[in-house]
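Here is a walk through one protein model. Keep the sequence and the 3D view side by side as you read.

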Amino acid sequence: MSVFTVRFWGTRGSIPAPGFKTSRYGGNTSCVELARNGRTFILDAGTGIRELGERLRKDTQGKPIDADLFITHTHWDHIQGFPFFVPAYVKGNTFRIHGSHGVGRSFEKIFRGLMDPSYFPVDLGDMAASLEFHELRGEALQRDGVEIKTTFTNHPGVDLAYRFSADGKSVTYLTDHETYQTMNTVTEFARKQDRIVEDFCRGSDVLIVDAQYTDDEYRIKRTWGHSRYRDSIRLGIDAEAKHVVLYHHDPSHSDEQMDVIAKDAREIIKASGKAMRVSVAQEGFQIEV
Ligand SMILES: [Zn+2]
Ligand SMILES: [Zn+2]
């Protein structure tokens, strides 16, 4: 029996990319469900959370839903689905929303701004579910036998990575991250920072990782806070992850381009001589851990 079930509801970064060119890998922005013993952890609230909300409603048949959301950061592609997450409008449901402070503002204040009347017709305060905001400050959390740890990623603003561990298994969610040494050239500082992230990911059974760019794209998008997929694979190898899942796909990448990336990723691993598994996240893709 598996410890965690991981399901991908949104795999795209930056902006939704719907349409026939992306129908296999998916066009919704970041959202992953981590399920364990009937408890639901929702990682990011990009547009993929809308369909997840529908699924939760069907599963629970009107019974109260109680779940934790872990938000990496408040860039649009990680929160823009929340106003369309129908279970948040239902009285009796409870959602604990975890995230980091922003630059000069609290997590709750920034998140609430998403539903400011200038942007959306319904105020967050009118959502009938109980919404509790928890600003994380580096402490580890415990939820029904699952330990949740965080670390900061290298991304404009403030962004958290999460690691979920239980019964000797772990799933790490590291999105919107640019490897320090690629961005800054190899300095002592960059090496040290990369080592902190590598240690955080060490031995993960599943490592879901930002892999937005090809080499060519990275040349003009360096310092934008995302990684080349080859750097993310290297991170997985160095951290001895068992299964790396490439994630946060560039909105310009068609299914055909994603197939090329998947093939290249497998060849990079083969050339390394390591046994690590690599997948490219697809909407609807499910992994048992
Ligand atoms: Zn993003
Ligand atoms: Zn971002």
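Begin with helix H7, residues 229–238. Its buried residues are Tyr229, Asp231, Ser232, Ile233, Leu235 and Gly236. Buried means that 20 or more other C-beta atoms lie within 10 Å of a residue's own; exposed means 12 or fewer, partly exposed is in between, and C-beta atoms are placed from the backbone. Helices (H or I, at least four residues) and strands (E, at least two) are DSSP runs, numbered from the N terminus.

A word on the model itself. It is predicted: local features need pLDDT of at least 70, side-chain atom pairs count only at pLDDT 80 or more, and totals for chains, interfaces and linings use all residues. Residues are numbered from 1 along each chain as its sequence is written, while chains are lettered from A and ligands numbered from 1 in the order in which they are written.

What covers the buried residues of H7? The cover includes helices H4 (180–184), H5 (188–201) and H8 (255–272). It also includes strands S11 (206–210), S12 (243–247) and S13 (277–280). Just after H7, glutamate 240 takes a positive phi of about 55 degrees.

Now follow H8. It has 18 residues and spans 26 Å from its first C-alpha to its last. That is close to the expected 26 Å, which is 1.5 Å times one less than the number of residues. Met258, Ile261 and Ala265 are buried in H8. Seen down the helix axis, the buried residues of H8 fall within an arc of 55 degrees, so they line one face. The arc is that of the directions from the helix axis to the C-beta atoms. An α-helix has 3.6 residues a turn, so residues three or four places apart point the same way. The buried residues of H8 pack against H7, S12 and S13. On the other side, Glu256, Val260, Lys263, Glu267, Lys270 and Ala271 are exposed. Just after H8, glycine 273 has a positive phi of about 75 degrees.

Next comes the core. The largest nonpolar core has 60 residues. Such a core is a set of buried Ala, Val, Leu, Ile, Met, Phe, Trp, Tyr and Cys residues joined through C-beta atoms within 7 Å. Val32, Ala45, Leu207, Ile208, Val209, Val245 and Leu246 have the most contacts inside it. Contact means C-beta atoms, placed from the backbone, within 7 Å. Beyond four places in sequence, valine 32 touches Val6, Arg7, Phe8, Trp9, Leu43, Asp44, Tyr173 and Ile208.

Finally, step back. The protein has 8 helices and 14 strands. Of its 289 residues, 44% count as buried.

Definitions and conventions. Two residues are in contact if their C-beta atoms, placed from the backbone, lie within 7 Å.
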